[in-house]
Amino acid sequence: IFDDIADSFDYKNKYAIIEYIQELRKHRNVRTIILTHNFDFYRTISSRLSLNREHNVFLATKDPVTRVVKLKQGQFLYNLLLNWIKNPNNKRLLAMLPFVRNLIEYIQGENSVDYLLLTSCLHNIKREDPKLRITKTVLVDEVRVIYQTTLPTITNIESVWINGDQPWIDMLVTEARNVSEELDNGQLDEISLENKIVLAMTIRLIAEAFMEKKLLEHGAPPVSGNNRFGKLFDSFGSHNLGNESEYAILNRVSLMTPEQIHMNSFMYEPLVDMSIRSLKTLYMDVCKWNISL
């Protein structure tokens with residue numbers, strides 16, 4: 001049994017470790033069980049050992065109430081974004097936004113019109129900003145056009161996003177509510193990344209809207225530029241606008257959501273290793289603020 005073997009030794013020797021495990025597997029009387037939290041190691045060893053995903057590669061989840069551990073067929077061994085592009089549904093299209101935004105940043109730069117519009121989807125803009133749009137004014141069709149321009153191979157997006165004249169954020173909020181309810185009803189795949197990303201984006205938007213509301217009521221100046229959440233949090237704290245419970249929740253938002261909001265196709269690990277039930281608990285906590293998006 002190898003327990004987080006890649007983290008127990010110098011990580012640069014991971015290929016030597018994999019070769020050693022491969023040699024062991026050649027012996028008929030040796031059976032190996034490999035446990036890891038390291039997503040890169042998980043993908044690499046599955047590929048190098050030519051493991052059968054159906055019979056030899058699993059992801060584990062644990063019910064926090066019953067403490068029952070369940071093994072599900074391994075996922076995310078190949079290009080996740082490519083799979084979403086070929087097989088889109090509403091959750092996947094919503095969760096794809098940070099990916100598309102990163103691609104635009106690499107190709108066009110962070111001052112491009114498309115990049116700034118998608119940034120307005122990821123951060124709750126309620127007051128005029130020199131560069132960004134009021135979040136509520138960004139429509140589904142506007143985001144769809146950016147997707148199709150950036151990802152010309154994407155299929156069936158028009159048949160999934162049929163209500164193009166509704167605010168994009170309304171669709172996200174509705175889907176986050178669906179994720180929460182499906183988890184409660186036992187109908188949700190706890191492994192699927194799109195569910196986690198949808199929750200995380202909604203959590204961040206609610207938290208920013210909560211701080212923005214308090215700052216506006218206090219008469220504090222608006223924030224702008226990069227690291228919007230951090231600037232809102234700093235201003236919120238400097239004006240002493242929250243109680244102990246609110247600060248604790250906002251700290252959890254700061255710790256748990258950045259990797260989902262600012263992610264690309266190489267940054268799955270924080271998402272895979274984080275329980276969707278932890279995100280669901282945080283989602284329910286911020287929803288108690290009754291903030292309208």
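The model is predicted: local features need pLDDT of at least 70, side-chain atom pairs count only at pLDDT 80 or more, and totals for chains, interfaces and linings use all residues. Residues are numbered from 1 along each chain as its sequence is written, and side-chain values use heavy atoms, without hydrogens or water.

**The core.** Select Met96, Val143, Tyr147, Trp161 and Trp168. Of the 79 residues in the largest nonpolar core, these touch the most other members. Such a core is a set of buried Ala, Val, Leu, Ile, Met, Phe, Trp, Tyr and Cys residues joined through side-chain atoms within 4.5 Å. Buried means under 20% relative accessible area (1.4 Å probe, protein chains only). Helix α12 (residues 193-218) gives this core its largest share, 14 residues. Helices are DSSP runs of H or I, at least four residues; strands are runs of E, at least two; both are numbered from the N terminus.

Now select Met96. Beyond its neighbours within four places in sequence, Met96 contacts (heavy atoms within 4.5 Å) Leu81, Trp84, Ile85, Tyr147, Leu151 and Ile154. Another core, of 9 residues, lies apart; Phe2, Ile5, Ile18 and Leu49 are among them.

**Helix α11.** Select residues 168-184. At 1.5 Å times one less than its number of residues, this 17-residue helix should span 24 Å, and its end C-alpha atoms are 25 Å apart, which agrees. Its buried residues include Trp168, Glu175 and Leu183. The buried residues of α11 pack against α6, α7, α8, α9, α12 and α17. Just after α11, Gly186 has a positive phi of about 75 degrees.

**Last stop.** Select Ile33, in the loop between α2 (14-25) and β2 (34-35).

Technical notes: Buried means under 20% relative accessible area, exposed over 50%, partly exposed in between (1.4 Å probe, protein chains only).
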